[in-house]
Amino acid sequence: MGNALEQSVGEIDHSRKKKTQWYKNWKLLSVIIGMIIVLIVSGISFYQANHFNANISINGIKVSGLTTDDALKKLQSTVLTNKVYIGEELLIDGNDTKMGITEEDRPGVKKLLKSQWTFFPSFKTRDYTLTPNKKDEYRSISLKSQLEQDLNARNETLQAPKDAQVKLQEGKITIINGSDGTQYDIPSLVKEYEKQSFTSEIHLNPILIQPFKEDSQLVKDQEKKLQELLQHTVDYKVQDKVYTLKGSEVIQNASVSTDMKVSIDPSMIKNKITEINNAQSTLGKNFNFTTHSGSVISVKGEGYGWALDVEKEAALVQAAFEKGEKSTSASNIHGNGWNNEGYGYETIANNGIGGTYAEVSIAEQRIWLYRDGNLVLTTNVVTGKHSTGEDTSPGVWYILFKRTPYTLKGSAVGKADYAVEVDYWAPFTNSGQGFHDASWRTNWNNNAYLTQGSGGCVNVSPSMMKAVYDNLSVYQPVVVY
């Protein structure tokens, strides 16, 4: 029995030793396995940190499994064909160039390597863009310029789109539908070109010029603009009169541009200005004139008088409507002056002659000078010689200028050319008639003008000429009848 017990104890002890040995072996194996895993993980991590994943491209060039150095070398050696496609169509077969990647771009490649890093290898497809530090002048200047030129040339053969239009036609607002075209939107395509990466081929989406359609906000705004134009009024002032011109009454045809600028057909405005001019201007018309005796006569405007320049005034009113202005005043006046200037526009009183003027009666051989409606001087004169048809010309004239002294040069019927010195000279016709002293004259009778008159001028006695000269003003009317 004792032996059996000892044997049993021995077996237990042997079993314990066996288990202890197994545990030690397992522990060692675990350590070894752990070290192997750490080495594998470290190796993978190191590799991943220094190599690009599979399916990675830079500017369309595969760099899968390459280090920074290898990727940089591959990019440096890459040749770009510089072919430009629009959709599936080859537009430009450009010159071959190097990609332009240099040593200066190494940090950029490293940055891409870091950005694509994953702990375990990844098979996700990615194409990164790397713009060279050194500017590629061929792509940025030459090829882009060629692209613009080719697109412009191509557009000349393609159909342009038509924007929807809003027009005022014969007084009614009409919307004309727009239509699509086939021309390229060059600015948009150039912008897309500038965003392209440095790939061998450049593919652009075919962007076409899009017209404004009839339901667009622009067309609605244009329609509103024309409606406002028809309701708009411009107060047009001519002298002391104001004419309220309404758009719907003087505008029949107009359009609005895409930048909301109104363009008006001025034909009806011209008609209205012509109507106003005919009613109010004095140029070439007869003036009702009250003589010194109180009688009312009609004297035709000759040198004196004014009229509106219809073309320029219509343009003035047209601009006021187009700009939305509320009022404008006449400023383009013409007449029979030496430079086509008109006189009398500022004068309203006394039927347009005003209160300061000179009155010359051929029948009475006398002049009357008025200032501000008051008679300041009257004297006998001798006018143009009637027997030879050299009469002083009837009409409403104006003092052109004044000179003292002056040399009169001219000719008279039956006489040689002359040059005569006078102390005072104030002409009132473009042909050379005016007031002057005549020291050589001996016949100052009331009928002297019939056979011994002047060559057309108004002769004033030397004793009165200074007073006459002093009471004449440049541009004042001279009424001869």
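How many residues does helix α4 have, and how far does α4 reach from its first C-alpha to its last? Select residues 137-156 to find out: α4 has 20 residues and reaches 28 Å, close to the 28 Å expected at 1.5 Å a residue (the expected span is 1.5 Å times one less than the number of residues). Helices here are DSSP runs of H or I with at least four residues, strands are runs of E with at least two, and both are numbered from the N terminus.

Before moving on, note that this is a predicted model, in which local features need pLDDT of at least 70 and side-chain atom pairs count only at pLDDT 80 or more, while totals for chains, interfaces and linings use all residues. Residues are numbered from 1 along each chain as its sequence is written, and side-chain values use heavy atoms, leaving out hydrogens and water.

Stay on α4 and centre on L143, where there is a kink of about 30 degrees (the bend is the angle between axes fitted to the seven residues ending at a residue and the seven starting there). L143 is also buried, as are Y138, R139, L147, L151 and N155 (buried is under 20% relative accessible area, exposed over 50%, partly exposed in between, with a 1.4 Å probe and protein chains only).

Now show the side chain of R139 with F198: the charged end of R139 sits over the ring, 5.4 Å from its centre (NZ of Lys or CZ of Arg within 6 Å of the ring centre and within 35 degrees of the ring normal). For another such contact, pick K402, whose charged end sits over the ring of Y469, 4.3 Å from its centre.

Next, colour the aromatic residues. The count comes to 15 aromatic pairs (rings of Phe, Tyr and Trp, the last by its six-membered ring, with centres within 6.5 Å; planes under 30 degrees apart are stacked, over 60 edge-to-face, the rest tilted). Zoom in on Y343 and Y475, a stacked pair at 4.6 Å centre to centre with 15 degrees between the planes. Y343 lies in the loop between β19 and β20, and Y475 in the loop between α11 and β29, so the pair ties together parts 132 residues apart in sequence. Then try F428 and F435, a tilted pair at 5.3 Å and 55 degrees; both residues are buried.

Finish at the open sheet of three strands, β12-β11-β18, with mixed pairing (strands pair if DSSP finds at least two bridges between them). The edge strands are β12 (241-246) and β18 (327-329).
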